[in-house]
Amino acid sequence: MKNRAFWFLLLVSGVIISLAMGMRQSMGLFLGPVTAGLGLSAATFSFSLALQNIVWGAAQPVVGALGDRYGARPVVFVTALVYAAGLLLMMAAGGPLALHASGFLIGIGIAGTGFGVLIGVVARASPPEKRSERVGIVAAAGSLGTAFIAPLGQWLTIDFGWKAALAGFAVIAGVAAVLSLLIREEVAPDAKPAGKPQRLGEALHEAWRHRGFMQMTTAYFACGFQLIFITTHLPKYLELCGVSPGVGATALGLIGFCNTIGTYIFGLLGSRYSQKRLLAAIYGLRTVFICLFLAVPVSTTTTLVFAAAMGFLWLGVAPLISGLIGRIFGLAHFNALYGVTFFSHQVGSFAGAWMGGVVYTLTGNYAVAWSALIAIGVIAFTLQWRADDRPVEMMLRPAAA
């Protein structure tokens with residue numbers, strides 16, 4: 001692929017991801033205004049957000065498979081419109097049913113406009129030696145949207161009301177749909193199938209039998225479990241520790257900023273060193289920083305240091321997992337296989353957010369929850385460090401080697 005055309009593709013993909021993820025990560029802004037405006041409980045709105053996550057995860061393999069078969073452009077275009085429809089439905093909602101239906105639609109929209117499909121586009125267009133680095137660039141872009149979309153949503157809500165803010169978000173989703181028409185997919189020589197195309201069912205069966213893929217998918221559960229617990233419950237934990245509520249908001253912003261840097265760096269490292277070892281290192285280092293955070297007195301300084309460290313380790317998993325999938329299985333069914341692993345991540349996200357709420361309700365503190373994060377982090381590190389990352393031909397198709 002010509003260099004100029006590739007960088008244009010990378011730019012378009014990065015902007016779409018940034019818009020989609022920026023809106024998704026700003027949905028918490030509407031908890032207060034929507035619940036007050038509709039007379040609903042915070043639990044009802046929170047369930048709608050949880051539904052977004054689980055639908056996103058469940059839809060990702062299906063949407064990914066459609067992208068593999070029909071190309072990214074129509075899939076991103078349609079799901080961006082579904083995203084906009086979900087936002088408009090939330091704006092028009094009069095009760096819980098419509099609110100949850102909007103969460104369902106938004107989940108499908110994020111599955112098509114977020115990382116899964118567009119990471120596959122960039123991976124296919126990149127030579128193997130540059131694949132991890134370039135996926136790292138486009139994944140890092142996913143953190144940039146929050147920097148301007150969250151303040152935009154806050155301004156619209158304060159000055160014009162939450163319905164106007166949701167309408168503005170729907171317009172942004174429409175912009176993503178228009179941008180998707182600019183996608184021009186190219187395939188690097190090594191990404192083209194050498195023989196008869198493999199059926200999706202055969203690819204999924206091989207993935208199920210590949211021990212390393214299953215270890216990686218299981219470890220990815222821990223990633224979602226740890227991270228969503230932190231974004232959901234860290235502000236409340238800091239409040240219990242007597243830290244100013246503003247520190248929690250600053251910490252979440254710092255996580256997003258450091259995430260952009262860390263994701264790019266891990267993408268760069270993944271093109272030079274063992275991707276499975278780097279992935280294990282991320283899980284291990286996250287767990288170490290959680291232990292250190294709990295071992296020292298909680299203060300503004302320790303919280304911000306913890307946030308910076310966790311942010312640096314936040315989405316660095318994306319280029320590494322995509323690199324491993326491409327190297328083990330090739331790129332013919334990349335989006336579908338990435339979707340399978342990502343579903344595990346989203347189940348972990350749902351469990352982490354829910355577990356934290358249950359533990360706090362039952363005990364009045366988060367001690368057991370933090371212990372669970374540490375235990376699951378150790379398991380994820382061990383699984384990923386020992387994972388078999390040999391290509392599928394060497395493990396399951398010896399005759400083809």
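Reader: How many aromatic pairs does a search of the whole structure find?

Author: The search finds 19 aromatic pairs. Rings of Phe, Tyr and Trp (its six-membered ring) pair if their centres lie within 6.5 Å; planes under 30 degrees apart count as stacked, over 60 as edge-to-face and the rest as tilted. Please keep in mind that this is a predicted model, where local features need pLDDT of at least 70, side-chain atom pairs count only at pLDDT 80 or more, and totals for chains, interfaces and linings use all residues. Residues are numbered from 1 along each chain as its sequence is written, and side-chain values use heavy atoms, with hydrogens and water left out.

Reader: What makes the aromatic pair of F306 and W370 edge-to-face?

Author: Their planes stand at 75°, and over 60 degrees counts as edge-to-face. The distance is 6.5 Å centre to centre.

Reader: Why is this pair said to tie together parts that are apart in sequence?

Author: F306 belongs to helix 14 (residues 300–312) and W370 to helix 17 (residues 367–385), so the pair links parts 64 residues apart in sequence. Helices here are DSSP runs (H or I, at least four residues), numbered from the N terminus.

Reader: Why is the pair of Y360 and Y366 called stacked?

Author: The ring planes of Y360 and Y366 are at 20° and the centres 5.3 Å apart, so the pair is stacked: the limits are under 30 degrees and within 6.5 Å.

Reader: How do you know whether Y366 is buried or exposed?

Author: Buried means under 20% relative accessible area, exposed over 50%, and partly exposed in between (1.4 Å probe, protein chains only). Y366 has 4% relative accessibility, so Y366 counts as buried. Y360, at 26%, is partly exposed. Both F306 and W370 are buried.

Reader: What makes R134 count as lying over the face of F6?

Author: A charge sits over a ring if NZ of Lys or CZ of Arg is within 6 Å of the ring centre and within 35 degrees of the ring normal. R134 lies over the face of F6, at 4.1 Å from the ring centre. Likewise, R277 lies over the face of W385, at 4.3 Å.

Reader: How do you know that the chain agrees with a compact globule?

Author: For 401 residues, a compact globule would have a radius of gyration near 21 Å, and the protein chain has 20 Å, so the two agree. The radius is taken over C-alpha atoms, and the globule rule is 2.2 Å times the number of residues to the power 0.38.

Terms used: Helices (H or I, at least four residues) and strands (E, at least two) are DSSP runs, numbered from the N terminus.
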